[in-house]
Amino acid sequence: QVEETTTYQQDAEEKFTVEKRTKDKDLAKQGRQLEIASKTCVEVYERELVLVEEARVRAHAELDTVVEADNAAIAEMMKLVEELQKTHEVQSSKHSSDEVAAGALVEEASVT
């Protein structure tokens with residue numbers, strides 16, 4: 001009976017050892033898979049980060065172009081406003097001199 005117990009113990013130990021090796025191999029395999037997945041995630045993240053940065057740079061360049069166009073349009077509007085003011089001043093001046101001339105004619109006519 002001692003021999004049977006020893007054989008049973010040896011079988012149990014052997015079975016335990018085989019199961020432990022199998023679990024160790026599975027864990028090692030899972031560890032490698034996780035490491036590969038982690039590296040892949042980091043690589044994808046880095047590529048996405050580069051794409052986002054490139055998009056940000058393009059957006060800023062487009063915004064700069066829009067701002068430049070807006071500034072040019074504002075400058076053009078300011079020139080038109082200045083021209084309009086000058087035209088208005090010339091017309092006002094002419095109108096005033098026409099009124100003075102008309103007043104002089106009225107005065108001359110009333111004297112005669």
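I started with burial, and of the 112 residues of the protein chain, 0% count as buried (buried is under 20% relative accessible area, exposed over 50%, partly exposed in between, with a 1.4 Å probe and protein chains only). I keep in mind that this is a predicted model, where local features need pLDDT of at least 70, side-chain atom pairs count only at pLDDT 80 or more, and totals for chains, interfaces and linings use all residues. I number residues from 1 along each chain as its sequence is written, and side-chain values use heavy atoms, with hydrogens and water left out.

**Entry: overall form**

I looked up the secondary structure next and found one helix and zero strands in the protein chain. Helices (H or I, at least four residues) and strands (E, at least two) are DSSP runs, numbered from the N terminus. Helix H1 covers residues 2-111.

How does the radius of gyration of the protein chain compare with that of a compact globule of 112 residues? I got 47 Å for the chain, whereas the globule would have a value near 13 Å. For my own record, the radius is taken over C-alpha atoms, and the globule rule is 2.2 Å times the number of residues to the power 0.38.

I also boxed the C-alpha atoms along the principal axes, and they fill roughly 160 × 20 × 5 Å.

**Entry: surface and charge**

I then counted 14 positive and 26 negative side chains, and the centres of the two sets lie 15 Å apart. Lys and Arg count as positive and Asp and Glu as negative, while His and the chain ends are not counted. I place each charge at NZ of Lys, CZ of Arg, CG of Asp or CD of Glu.

**Entry: salt bridges**

Side chains of opposite charge can pair when their charged atoms come close. How many salt bridges does the structure hold? I find three, using the cut-off of a side-chain nitrogen of Lys or Arg within 4 Å of a carboxyl oxygen of Asp or Glu.

- I have Lys-20 bridged to Asp-24, with 3.2 Å between the closest N and O atoms. The two are about one helical turn apart, because four residues separate them in helix H1. Asp-24 is partly exposed at 39% relative accessible area, and Lys-20 is also partly exposed, at 43%.
- I have Glu-35 meeting Lys-39 at 3.5 Å, N to O. These side chains belong to residues four apart in helix H1, so about one helical turn separates them. Glu-35 is partly exposed, at 45%.
- I have Glu-53 with Arg-56, where the closest N and O atoms are 2.6 Å apart. This pair is three residues apart in helix H1, again about one helical turn. Arg-56 comes out partly exposed at 42%, and Glu-53 likewise at 37%.

**Entry: distances along the helix**

How far apart in space are Gln-33 and Ala-102? I read 101 Å, C-alpha to C-alpha, for 69 residues of sequence. Gln-33 sits in helix H1 and is partly exposed, with 46% relative accessibility.

His-60 and Val-44 are 16 residues apart in sequence and 24 Å apart in space, C-alpha to C-alpha. His-60 belongs to helix H1 and is partly exposed at 41%.

For Gly-31 and Lys-15, I again have 16 residues in sequence and 24 Å in space between C-alpha atoms. Gly-31 is another residue of helix H1, partly exposed at 34%.
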